[in-house]
Amino acid sequence: MKPAHHPEFFRSPAPEGRSRESTIRLDGQGRFWHDGELVEHPRLARALTAWIDRHPDDGRYILNNGYDWTYLTVDDAPYLVSALRIEPQQVVLVLSDGSEEAWNPEPTRTGADGALYAIVKRLLPKGPYEAKFTRHAQLALAPILVGEETGNVRPGGVAVQIGDRVQAIGAKTTMFG
């Protein structure tokens, strides 16, 4: 059993001479930075993505490897939708941590920069989380995009059709989480 499974794990003080605050930052493109330097090692960046969590008391984003944890700054969404797979009755999102899950387009919103934001990891104890579509993933939605002719989309709006269901995508008004 990892220490993180103990209820007091997140309440214990930092190791001697250390702080739980860090200079680790996740930018809007899903890149990690430490002390102002880009984390370039792909395996370290993947590990950091896999360690994204929330503190159970204050809800702030943390990196948690099960043995230790630290706060980090998240500029935008903590996850990216890096790819997707369109199936007859669902769309499967591939997230930046390598996990996959079925997409529920209903709570998806469009951000100020035109990027889509999905709600993911709903079943995690500290979920759900927000995931920003990369340009690649967003362009991959082209085969299921529908326009105003369906009657389900307001003028200038966006909607997707998955199977026989059409779902409009609304505007993103606030940061999630």
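Biologist: Which residue stands opposite F32 in β2?

Modeller: Strands of a sheet pair through backbone hydrogen bonds, either parallel or antiparallel. Here, L26 stands opposite F32 in β2. This is a predicted model, where local features need pLDDT of at least 70, side-chain atom pairs count only at pLDDT 80 or more, and totals for chains, interfaces and linings use all residues. Residues are numbered from 1 along each chain as its sequence is written, and side-chain values use heavy atoms, leaving out hydrogens and water.

Biologist: In which sense do β1 and β2 pair?

Modeller: Strands are DSSP runs of E, at least two residues, and helices are runs of H or I, at least four, numbered from the N terminus; two strands pair if DSSP finds at least two bridges between them. β1 (25–26) and β2 (32–34) are antiparallel, over two bridges.

Biologist: What is the order of strands in the open sheet?

Modeller: β3-β2-β1-β7, with mixed pairing. β3 (37–38) and β7 (73–74) have a single partner strand each, so one side of each lacks a neighbour in the sheet.

Biologist: How many residues has the largest nonpolar core?

Modeller: In soluble globular proteins, nonpolar side chains tend to be buried together. A core is a set of buried Ala, Val, Leu, Ile, Met, Phe, Trp, Tyr and Cys residues joined through side-chain atoms within 4.5 Å; buried means under 20% relative accessible area, exposed over 50%, partly exposed in between (1.4 Å probe, protein chains only). The largest has 30 residues, and F32 and L72 are among those with the most contacts inside it.

Biologist: Which residues of α1 are buried?

Modeller: A45, L48 and T49.
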